[in-house]
There are 2 protein chains.
Amino acid sequence: MFYSHHIDDALEAKVGPHGLPQAVFDRELARATPALDKIRQWRNDGTLPLLKLPAARDDIAAIRPHAEHFRKFEHLVVFGIGGSNLGGQTLVALKDHGFGPAKGHPKIWFMDNVDPATFAEMCERLPLERTGVFAISKSGTTAETLTQLYSLLPLLEAKVGKANLAKHLLVITEPKDNVLRRTAMRLGCPVLDHDPNIGGRYSVLSLVGLLPALIAGVDVAAVREGAASVLDPVLAAKEATGLAPAVGAALSVGLAKERGVHTTVLMPYCDRLGYFGFWFRQLWAESLGKDGKGTTPVRAMGTVDQHSQLQLYLGGPADKLFTVLILDTKGQGRPIPAAELGGDKSLAYLEGQGLGDLILAEADATAATLVKNGRPTRVIRLKTLDEKVMGALMMHYMLETMFAAELWGVDAFDQPAVEEGKILTRQYLSQRRRS
Amino acid sequence: MFYSHHIDDALEAKVGPHGLPQAVFDRELARATPALDKIRQWRNDGTLPLLKLPAARDDIAAIRPHAEHFRKFEHLVVFGIGGSNLGGQTLVALKDHGFGPAKGHPKIWFMDNVDPATFAEMCERLPLERTGVFAISKSGTTAETLTQLYSLLPLLEAKVGKANLAKHLLVITEPKDNVLRRTAMRLGCPVLDHDPNIGGRYSVLSLVGLLPALIAGVDVAAVREGAASVLDPVLAAKEATGLAPAVGAALSVGLAKERGVHTTVLMPYCDRLGYFGFWFRQLWAESLGKDGKGTTPVRAMGTVDQHSQLQLYLGGPADKLFTVLILDTKGQGRPIPAAELGGDKSLAYLEGQGLGDLILAEADATAATLVKNGRPTRVIRLKTLDEKVMGALMMHYMLETMFAAELWGVDAFDQPAVEEGKILTRQYLSQRRRS
């Protein structure tokens, strides 16, 4: 196991009246067992090809030449929205957490909005002649991705010339006729197939997430290996008991039903898991927020949000489940010698400690404080954070989301409510042009 | 007015049963009127010096020489946690929204965590000999800020020499004896006074927020001017009716009390307001989350979160108030000529439109869709986004938070619950060193 999962401090016996009664937990967990057969079936009949990805390697070999080509650029711009971007971003954060990419790799810019000011700055700042561009849209009709691409094309062509344009571009979309594919064919740039049966928020283990990761220097086979370490026991299990993703789902759904816990806070103590929090947020919200069900995912960050949100978590309404994700960083960072602390006794507690000791102590202290204040808290512990661990965490949460959907009786894979806004957007654009 | 504020679509008459009944709104708004006298008193007796800042200019003149000095560096690292960082970050985002600072200004890195991996990367990547360093802590005892500073000092000294060390450093802390101040005195670097009566989350209009902003090229006098445009009418008012910050507070508190609205979503359609969302999140959570009261602030981003959170907003539990912040971007971005769209009829709706038209249409469509689905929604509209508008928005939300605290009967300025975790952190560190 690449992580350990502790839920005792979320149960009534340990945390008091806001916690989940053992009997309710047991009931929900038992209800998760039938989902095992469904998951096996989804895997075997091809309904859910994502469940075959952890074991696959051939498709990685197939995208490697594209990775080699785009790695030569100085910058890579990825046009993609929501799930088309969050997975890749989460993986890339293993190699670039703010100060730039690993040496010999391009800086990857995940453009996930259509703000004209940001776009103008991007075009002014990036040397387009040394920039590669990905456009990712499963349907091939996403308004934002298309507008971004069409806004950039003339500028890119002006810099690199019509003959070279195709070398800078790559498109990922479903293997059927759509606007994005036709555009790619017309321009002569490579088009990779987005599996029609892998929705955006579940796409991180497919080429959508792995191609940018590969370009950033991430060991993507190890990501898949980590995912397999969580998936395989689920596929082999006869009952849900003891399966961490099912246990997590039973806890969440039980607390929502029984204790009015409407909010679920994911708080990693690790900057490289910052995007993981956003990735989880989409996965959970979009998969479960249906028929008045679901809980609101909140992405927090330790230690940052101790100084921003902890007062609310401890003193506000008791309507939240907390997941504290703790990475063992003991001994990391330069230990501060007593002599350098200026001889101040009030700093004695920092003597011989490094940043890793401080962040670890704060993580443990926050989890303990939440429990002391009667807030249901689960803890996920990591010994280290690498590709395998990231893959394991991602598969854990994808499966936990599927189990939770089964327990709530909603479809984990659709998003029926958002079409209305898309239709209205097109209407507004059409009306406003005419006026 | 630098913004317009529309709450009708959050009322029952417009949005249906999840909306606020007019009578409850009127009752809460009437209850906000007594707060006006308190606010005036806080301003006049010095309890709340922040309310004198919008009119002040001398203090800006006093920090300008420091801004000139640090502007010459290539990078500026700001060690500060929570309120010490979020305000500055929000203002700096007006000039640097991802692709780097304005020409002739340093890149500012707001280091708001103590992750050893991030810190190591920072030290490896930044040319420390061309890097300035701020350490900001009101109390002067913040563990994170001290550990960051003490972790960096030997490395910085090794690069620039003992004699030059002080030129790279600046400290902001309360004007009383504390560890950070003593450290600064020993090193011989400038120390600026943090007003003891301005808490971190309300500090953006003080030198804490304005000094980094000044260095980034932000017109900080204009920020103050914008703040004054919202504060002055409040200070002059006899009743809360018609005052946007009081109206917003009455809406929030009324919906929480009457309709079980536990979550408040702030969704700007503008990348430069991304940090504003995080700044608001701390302000609201830490000020109001007390005695079981308060609501959970959620920072969203349009259009991004349409593809991530909107399904939950529309289809999940109806326990949220939405504030959609819409910037008029009509006509911004290059209009895409029909000829360039490859002649595809399904793209006709994009002909002649630019990115600004698309994001504006999406903002309007999302607000309309929320309302159609019976979700209480308020809209804040901006004609433009500059320093004045940002100052106005910030003062709006600081005042709205104070009004809401009065309506809930909590202290907007303390954070009593977070001490326990701090004590435990020190205990853990001491125990672990000994073992």
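Which backbone nitrogen does a side-chain oxygen of B:Asn178 reach at the start of H7(B)? The legend to View 1 gives the partner. This is a predicted model, in which local features need pLDDT of at least 70, side-chain atom pairs count only at pLDDT 80 or more, and totals for chains, interfaces and linings use all residues. Residues are numbered from 1 along each chain as its sequence is written, chains are lettered from A and ligands numbered from 1 in the order in which they are written, and side-chain values use heavy atoms, with hydrogens and water left out.

**View 1. Helix H7 of chain B and its surroundings.**
Helix H7 covers residues 179-187 of chain B. Helices (H or I, at least four residues) and strands (E, at least two) are DSSP runs, numbered from the N terminus. At the start of H7(B), a side-chain oxygen of B:Asn178 comes to within 3.1 Å of the backbone nitrogen of B:Leu180. Such a polar contact is a pair of N or O atoms within 3.5 Å; within protein, one must be able to donate a hydrogen and the other to accept it, and residues adjacent in sequence count only if both atoms are side-chain atoms. The buried residues of the helix are B:Val179, B:Leu180, B:Arg181, B:Thr183 and B:Ala184. Buried means under 20% relative accessible area, exposed over 50%, and partly exposed in between (1.4 Å probe, protein chains only). These buried residues pack against strands S4 (131-136), S5 (169-173) and S6 (191-193) and helix H6 (143-160) of chain B. Contact means heavy atoms within 4.5 Å. Just after H7(B), B:Gly188 takes a positive phi of about 80 degrees.

**View 2. Chain A as a whole.**
Chain A holds 15 helices and 10 strands. Its radius of gyration is 23 Å, close to the 22 Å that the globule rule gives for 435 residues, so chain A is as compact as a globular protein of that length. That radius is taken over C-alpha atoms, and the rule is 2.2 Å times the number of residues to the power 0.38. Along its principal axes, the C-alpha trace of chain A spans about 65 × 60 × 50 Å. Of the 435 residues, 65% count as buried. Among contacts in chain A between residues at least 6 apart in sequence, 79% join residues at least 24 apart.

**View 3. A:Thr141 in its loop.**
A:Thr141 sits in the loop between strand S4 (131-136) and helix H6 (143-160) of chain A. At 34% relative accessibility, A:Thr141 counts as partly exposed. Its side chain makes a polar contact of 2.9 Å with the side chain of A:Ser139. Leaving aside neighbours within four places in sequence, A:Thr141 touches A:Leu146, A:Arg426 and B:Tyr349. A:His69 is 72 residues from A:Thr141 in sequence and 26 Å from it in space, C-alpha to C-alpha.

Most residues other than glycine have a negative phi, and most peptide bonds are trans. In chain A, a cis peptide bond joins A:Gly302 and A:Thr303, with omega about 0 degrees. A:Thr303 lies in the loop between strand S8 (296-299) and helix H12 (310-315). In chain B, a cis peptide bond joins B:Gly302 and B:Thr303, again with omega about 0 degrees. A:Asp291 is not a glycine, but has a positive phi of about 55 degrees. A:Asp291 belongs to the loop between helix H11 (274-288) and S8 of chain A. With a relative accessible area of 62%, A:Asp291 is exposed. Phi of B:Asp291 is positive too, near 55 degrees.

**View 4. B:Ser151 inside helix H6.**
B:Ser151 is found in helix H6 of chain B. Is B:Ser151 buried or exposed? At 4% relative accessibility, B:Ser151 counts as buried. Its side chain reaches the backbone oxygen of B:Thr147 at 2.7 Å. Apart from neighbours within four places in sequence, B:Ser151 is in contact with A:Ile336, A:Leu355 and B:Phe119.

**View 5. B:Asn373 between a helix and a strand.**
B:Asn373 is in the loop between helix H13 (355-372) and strand S10 (377-382) of chain B. Its relative accessible area is 26%, so B:Asn373 is partly exposed. Not counting residues up to four places away in sequence, B:Asn373 touches A:Glu420 and B:Leu314.
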